[in-house]
Amino acid sequence: METRPIPKQIVPIFSGGGTRLPAHIGIIKALEEMDIHFSSLVGVSGGSIIASLYAKGMNVDALQKLALDTDFRQFTEFSLWRLLREGGLSSGDSFEQWMDDLLEGVTFEKLPAALSVLATDVNGGGPVLFSREHTPTLKVSRAVRYSMSIPLVFSFKEFNDQLLVDGAILSEDALFEDWQHDGTPSVCFRLKSNPRKQPLIKKRGFLLPQYVSMLIRTFMTALSREYVHAQYWHNTLVVNTGEISAVDFGMSAATKERLLQIGYDTTRLYLPEKLRNVMQLKRPVDDRESPAMSSHA
């Protein structure tokens, strides 16, 4: 039986993740080994971190080392007072500076690859797109900071008249554009978590920090478990990261390596068939009909 070929060029959409971003590195590693190329890429929330660094020219080995060596706790600087004033426990300033240093202050128009980053305007505007075409002179680190604004964790940020938070809180319709304007298929690599019950530490006194932590974890897990619309199923590859949380800032090196392996294995195992289905759907209807189907027309 002849195996249908798969396309060798796609537009990958790295969606969600939070601190689970090593999974996206595993995805890229698999794509390279499968000889699947891309000159355009899209980043959403935690996926925008890896997408932007790869678009700048950082290779997989460097990305893996960065993920393993980085202590995500340096970006927390949590303050309940800031939560009340600015809508987030952390300002996100140290994270943005970290990204800007890694990206060497690059703007969208100076990136070697065409990168698109999505955030969400909670002031009624829906998805907000940052790219070479829409925001050429904007620093990429600023767009990533917008897209990474996990509600309650990072303070909201204003851009023009928009109030921007996590890019994962948006309609799927915003993800599946014809990003290269040439029909190149898009594939959304979407991270998914399972709920994990944490031991409840019973103590007297001020319980708000514990409550906020549980609320954030539950919200991010629920967000990643939203159903994929049937219209986009063939273009979506769900990467199940198990009980690893999107807001585990104290993640161990072993967990990071496990995430990278999960992203790699899922892509190698399931992407070929996904791409064959995408190409099958792109064929004209007459070409897709089997003789048996035609005989009953």
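This is a predicted model: local features need pLDDT of at least 70, side-chain atom pairs count only at pLDDT 80 or more; totals for chains, interfaces and linings use all residues.
Residues are numbered from 1 along each chain as its sequence is written, and side-chain values use heavy atoms, with hydrogens and water left out.

**View 1. The whole chain.** The chain has 10 helices and 10 strands, where helices (H or I, at least four residues) and strands (E, at least two) are DSSP runs numbered from the N terminus. Of its 297 residues, 51% count as buried, a word that here stands for under 20% relative accessible area, with exposed meaning over 50% and partly exposed lying in between (1.4 Å probe, protein chains only). Among contacts (heavy atoms within 4.5 Å) between residues at least 6 apart in sequence, 76% join residues at least 24 apart.

**View 2. Helix 2, residues 46–56.** Because 10 of the 11 residues of helix 2 are buried, this helix is largely enclosed by the rest of the structure. The buried residues include G46, G47, S48, I49 and I50, and also L53 and Y54.

**View 3. Helix 6, residues 140–147.** Seven of the eight residues of helix 6 are buried, so helix 6 is largely enclosed by the rest of the structure. The buried residues are V140, S141, A143, V144, R145, Y146 and S147.

**View 4. Q180 and its surroundings.** Q180 is found in the loop between strand 8 (162–165) and strand 9 (186–192), and because its relative accessibility is 16%, Q180 counts as buried. The side chain of Q180 makes a polar contact of 3.1 Å with the side chain of S40, and another, also given as 3.1 Å, with the side chain of T184. A polar contact is a pair of N or O atoms within 3.5 Å; within protein, one must be able to donate a hydrogen and the other to accept it, and residues adjacent in sequence count only if both atoms are side-chain atoms. Leaving aside neighbours within four places in sequence, Q180 is in contact with Q9, V11, S39 and S40.

**View 5. Q261 in helix 8.** Q261 lies in helix 8, which covers residues 253–282, and with a relative accessibility of 39%, Q261 counts as partly exposed. Although Q261 and I25 are 236 residues apart in sequence, they are 9.1 Å apart in space, C-alpha to C-alpha.
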